[in-house]
Amino acid sequence: MSEKVELGTVKTDVPARLDRLPWARFHWMVVVGLGSVWILDGLEVTMVGNVAARMTEEGSGIDMTAGQIGTAGAIYVLGACVGAIVFGQLTDRFGRRKLFLITLVLYLVATVATAFSFSAWYFFLVRFLTGAGIGGEYAAVNSAIDELIPARMRGRIDLIINGSYWLGAAGGAATTLLFLNTDILPKMIGWRLAFAVGMLLAIFVFVVRKNVPESPRWLFIHGRNDEAERIVGEIEDGIEAETSQTLPAPKKTITVRQRKTISFVEIMKVAFTIYPKRAILCLVLFVGQAFLYNGITFNLGTIFSGFYGVAAASVPIFIILWSLSNFAGPVVLGRLFDTIGRKPMISFSYLGSAVVAVVLAFVFNGEVGGEWLFLLILVVCFFLASSGASAAYLTVSEIFPMETRALAIAFFYAVGTAAGGIAGPLLFGGMIESGDRSQVAWAFCIGAAVMALGGVAELLFGVKAEGADLEDIARPLTAEDAEGAESAAESGPEQTEPASARETTMGAEAGPGRRRLRPGPGSAGVYAPWPSVSSREVPPEVSANEVNGIIDFVRDMEPVGEVELYRAIGARRWGPGRFRAAVREAIRQGAVHRNRRGRLEYRGDRS
């Protein structure tokens, strides 16, 4: 929408209202309308692998080699990276809904054009455009999904939605069983019709998606809080009518400074100065999964036909079985990401798949067991890898501030996938074309090593985001007094804890009778409230000396940032959570307050 809006400071309970909702038909509409993009992507990516052998045969109507098939895969990924960056910026500027409709139309047109390919250069061009549409979908759709799904179920739902990619892969393989059957269709026609299948699914998705509303979180941050309130109200009314129950009152509010746009430079500054460890984590996770997945996916058909002698018409059977194992991973393991936690499960998925990939390389190089043993080990490897790959998208969409979410997804997807997703198909394609098993085995080992790096990065830098509100994991940049305060999140002792461990903007500054947060695990695995206390009572976890030390330092050195204060008074020796609790207590007593830049200033009597 282009109407003018009044920008100012607004206090809203929209995030809390969305997170408290019970699962209902509305959420199924979001899952089907938005999550189906992954089915489209799976259909497109694996379609090339399914028909690759046929496209390299004489009489196919297009003259392509196995190496060019790998190149086409790399070009598709390049298009997705470019699309993610371009449409990611537009998503944060113009809204999730408008962009996920535009990108779907681009995909629809490009995939139909693919069916009319007549030469390698034309095929490369339309694959680039198809990838651009899908890449733009990643940014718009993933940000919208996370902003509309309740926090308690976000992990498993996100993983299953991302895992639905493999339903598209299996569906694409199943359709090619028909289209590649030369008893039914000529060689030069069947593979073209296979690409046209994506058009039918895209039309269905477009019809469903028109009913999905704009993200209320995006609306209120961009000055359209009345529209956000209306949308949330309609969702609540529908759920209350569906369940015949009255929804409980929301328990949190957040105060934000509304703004129309946030620059790309500012977003990168947020990622690499305020959250450098999170930025490194996301890059490594994306590079690992992109290299392994894109390298194998785009070339799996030629591996089975070229090294195991599987007929082109039978290759899709192997693709279907492999794809279903990839979907089973997030479905079976997804709940554990919300219960056991993100950090142990993501690291297990990455490291486990890396170990199995090494075993796969030895079996392939030694020509042990034939194509069925190779497939069995491949299934085990990607049962684990699929959960990790899906969690990479979940991670980047959770751990950065709301205003940067879509572009953060776009940036880390583009950079990580450009590094791994383009190199993987080129490396595998070239080594497969050589016909040397040992070279292909080395490609598997390289993929295993890159996945292992992702697992190690998760162990070192992983964030405990399970069950936490998005605004607690990373406080919005536009939250009142938020600027500069987030640096303590990674410089203090609890580097991976949600922002609710700090003095939080979820409500006004704590005062008499107001619920406040204490360090320590709560019922949701994050931070639990203190009981109401009098204005002069100091929580038992924080000593008066610690609070007074903070007050005295701020009085002498104001204004001061939390990181500088933390280091200057030696708070590292205090124990987990005590520094932030003491800061909150000094603020609650009225002796200290945060200025508009997020720095602490003295407020008491200097005499």
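**Helix packing and confidence in a predicted chain**

In this predicted model, the axes of helix H14 (residues 315-339) and helix H16 (residues 370-398) come within 7 Å and cross at roughly 40°. Axes are lines fitted to C-alpha atoms, for helices over the stretch in contact, and angles run from 0 to 180 degrees between N-to-C directions. H14 is therefore oblique to H16; angles under 35 degrees count as roughly parallel, over 145 as roughly antiparallel, 65 to 115 as roughly perpendicular, and the rest as oblique. The crossing of H14 and H16 is right-handed: a crossing is right-handed if the near helix is turned clockwise from the far one by less than a right angle, and left-handed if anticlockwise. Residues of H14 in the contact (heavy atoms within 4.5 Å) include Phe318, Leu321, Trp322 and Phe337, and those of H16 include Glu371, Trp372, Phe382 and Phe383. By class, this contact has 16 nonpolar, six polar and one charged residues. Ala, Val, Leu, Ile, Met, Phe, Trp, Tyr, Cys and Pro count as nonpolar, Asp, Glu, Lys and Arg as charged, and the others, Gly among them, as polar.

Helix H4 (residues 96-114) packs with helix H8 (residues 187-209) at an angle of about 160°, and their axes are 8 Å apart. H4 is therefore roughly antiparallel to H8. The crossing of H4 and H8 is left-handed. On the H4 side, the contact includes Phe100, Leu104 and Tyr107; on the H8 side, Trp191, Phe195 and Arg209 are among the residues met. The contact of H4 with H8 divides into 14 nonpolar, three polar and one charged residues.

Across the chain there are 24 helices and six strands; helices (H or I, at least four residues) and strands (E, at least two) are DSSP runs, numbered from the N terminus. Of the 607 residues, 60% count as buried, meaning under 20% relative accessible area (1.4 Å probe, protein chains only). Of the contacts with a separation of 6 or more, 82% are between residues 24 or more positions apart.

The chain averages a pLDDT (the predictor's confidence in each residue, from 0 to 100) of 75, and 80% of the residues score at least 70.

Residues are numbered from 1 along each chain as its sequence is written, and side-chain values use heavy atoms, with hydrogens and water left out. Local features need pLDDT of at least 70 and side-chain atom pairs count only at pLDDT 80 or more, while totals for chains, interfaces and linings use all residues.

Key. Buried < 20%, exposed > 50% of the residue type's maximum accessible area, 1.4 Å probe, protein only.
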